[in-house]
Amino acid sequence: MSAPTVVDSTPRPALPAREGSLPARVLRGAATPGGGVVVLVLLLLAAIIAANPVFGQPESLIRFVGRTAPIAIAALGQYFVIVSGEFDLSMGAVVTTQVVIAGNLIGQEDSRVVPVLLLMLVIGALIGVVNGLATTWLKVPSFIVTLGTMLALSGFVLWWTGGAAQGNPVDSFRQIGRGGIEGVPVVGVLPYPALILTVLAVGAAWLQTRPFGRTLVAVGDNPEATRLAGASVWGLKTRAFVLSALSATVAGIILVGYAGVHPSVGRGYEFTAITAVVLGGVVLGGGRGWALSAAAGAFALELLFTLLTFLGVRSTWRDTVQGVIIIVAVAVAGRAWQRRATRRRPAAPDTAETDPGTTTGER
Amino acid sequence: MMRTTIARGGLAALASLALVAGCSTDQSLDNPPAEEDPAAAEDTAGDTAEDTAEDQAGGGSDEWFDQAVYEEQDQQRSATFEGPEDQPWLQYIDGEMADTSEYTADGPQKVCFSNASIDNPWRQTGWITMNQQLQVLQDEGVISQMETRDAQADDNAQIADIDYFIAEGNCDAFVISPNSTAALTPAVERACDTGKPVVVFDRGVETDCATTFIHPIGGYAWGIDTAEFLLEHLEEGDKVIALRILPGVDVLEHRWAAAQRIFEDAGIEAVDYFTGADPTEIKSIISDELTTGEVQGVWMDAGDGAVAAIEAFEDAGRDYPVMTGEDEMSFLRKWEDTGLTGLAPVYSNFQWRTPLLAVEKIFAGEEVPREWVLPQEPISEDERADFLAANEGMPDGHYAKFGGEDLPGYPEVWQERIIP
């Protein structure tokens, strides 16, 4: 695929997303990997409620949403990186670092909450910038760069904590992840993490429809073409890394409240987030996928784990399940998008677009 | 360290994105079990020679259960301890004594300490105490210096450390806190072969060549104390959630093997989970269990994460469970705040003082117990206030029975918690 200047003389077909009636479009969406994950979430939910009806009560459901919020937020951030054709492996280490920073710097001082919160966001953004620039300017593959960031941050945390638990920060800070709005009809307590997730999900969906989001997908699909079209590839990718590190930071802030300070918090988050993203039908290697599907992927994953727990499967199997899911989801998503793409473009079978699911191999 | 392991696997996993599962499975197989475990490293004294690290496959508790050792530890819980009343770190159960007259030495001697790790709050607290004890013995002219190597929970690193000490350390005595039982045995034997005194503490090795082996009673005793406490406050048919750090670490397994047996016999429904001491995981587990039904008791094989477990009940708006944690300050404080019915089993942290005091005795030619079994008494609700008051101002990761009140630097050194 070294010839990005293929001239496609056939007229582009109309965008199918605007074709047909609303129910037809919903059905068509559900048949894609990105929409299918919503169907999966509903199926899993039904299965869990069948296994344990209490889970279906609004109070339980909203608590589950609150609990899943950090991982869903991480998946939203990871989406932007993956759709641009890169990986962010430093996510878990960023979460841990932020958790430890919150624990050590805030302590029991209410007055430090806001300054430390701002500091954490700045640190998060900086990590994203470093990841982005090292990937785009130094041309180091992103999974090496972020692996390096991950190790550097882990070493820093180990040095700072000696690998052991620290004291929790002041309760007012922990309220962000532990508290909620009380007395809400139907659900009782509306957890703050659920609210934060809603706001960020809307923001991510909006961002995805903006020029930034659309160009980012184009970068993931074909960076060379996008560059020739005049887009700043390094700028776009760096911004994606910043979004990812910031989402890890927000996840960390929530986790400090939800769980407390411990060097194991955030462990494995990068893989859980990547699993969630691919489960949401986002193609590894970039160029295909929706932000909200990534968040839905996080819910599907957590629901699956909950179902396994309710069915009495030991938690030690969790990693195995996650491993299998990654393989299956990548395989299914790759094929499904491919089928869709070929069906959409019957007139141009031999263009550069024949196998969009494996764009990584072309670079 | 956990992170490093994931990272190593990470490259491969991303190449195919297939090895995610493999990464975590490997940790318990190709590394010493305590490596990524914050609390596991602390215990393990009870693992005497009959436990082998090959047993790591985990699974049912039967393979971890040794009736004879169980009964021995059960009796030791009520044993009479010899030695000074107010210095539990010098107490021991009457037994065979080792003659040390051949090691009698004049003037300050050099001690070489091979440490498994300081990667959990229990070991960090003990390490601080040990350094203050060292200061006393240096001032008294018993020890000239202590050269320490920290293996960071890596068997191979610790074997290399010990061999370095033997070859180039110029050591007059060895103090070894082994990372794992089977793997470190040959290295400890090589240290014994030098003819210098060897003091092993905390976890054991499969040889009795050491001059003395220092440890609190052990894992079964912990299991018996905690399970019997829960039984007192629960009824038949009640449900207990057992939160365990990870499978395959012998003494953690002993704690659970003993407790599980007692729960079974009493008709208590006990469900065990591995948490990796991750509070996020602990909260999810308990939330799910509370969604499924009532939970009357929580049992922990180490106190790390106890606060998260209690908070999960608060978040779900349920009554507090009957619970056993550990003598870590975070648990003692939360226990008092909530007023729940609880017990703080103790894996005597003061044992970190004993090895250097043993070295002092050995160089003086005084006999020491060949197996130095230290007291291991849980903290009950009645005693809690005293321990909270005595440890006021200590950080959450501090252990109430650290036994360093009479050492120089008390209390600032432990309050500041600067790891030497």
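Student: Which residue in β10(B) does Leu243(B) stand opposite?

Tutor: This is a predicted model. Strand β9 (residues 239-244) of chain B runs parallel to strand β10 (residues 269-274) of chain B, and 6 bridges join them. Across this pairing, the residue opposite Leu243(B) is Tyr273(B).

Student: Which residue of β11(B) is the bridge partner of Val240(B)?

Tutor: β9(B) also pairs with strand β11 (residues 297-300) of chain B, in the parallel sense and over 4 bridges. Within β11(B), the partner of Val240(B) is Gly297(B).

Student: How many of the 6 residues of β9(B) are buried?

Tutor: A residue is buried if 20 or more other C-beta atoms lie within 10 Å of its own. β9(B) is mostly covered, and its buried residues number 5.

Student: How many charged residues does the contact of α5(A) with α6(A) have?

Tutor: Helix α5 (residues 113-136) of chain A packs against helix α6 (residues 142-161) of chain A at about 145°, with the axes 9 Å apart. From α5(A) come Ile127(A), Val130(A), Asn131(A), Ala134(A) and Thr135(A), while α6(A) supplies Ser142(A), Val145(A), Thr146(A) and Thr149(A). By class, 4 are nonpolar and 5 are polar, and the number charged is none.

Definitions and conventions. Residues are numbered from 1 along each chain as its sequence is written. Chains are lettered from A and ligands numbered from 1 in the order in which they are written. This is a predicted model: local features need pLDDT of at least 70, side-chain atom pairs count only at pLDDT 80 or more; totals for chains, interfaces and linings use all residues. Axes are lines fitted to C-alpha atoms, for helices over the stretch in contact, and angles run from 0 to 180 degrees between N-to-C directions. Helices (H or I, at least four residues) and strands (E, at least two) are DSSP runs, numbered from the N terminus. Two residues are in contact if their C-beta atoms, placed from the backbone, lie within 7 Å. Ala, Val, Leu, Ile, Met, Phe, Trp, Tyr, Cys and Pro count as nonpolar, Asp, Glu, Lys and Arg as charged, and the others, Gly among them, as polar. A residue is buried if 20 or more other C-beta atoms lie within 10 Å of its own, exposed if 12 or fewer, and partly exposed in between; C-beta atoms are placed from the backbone. Two strands pair if DSSP finds at least two bridges between them.
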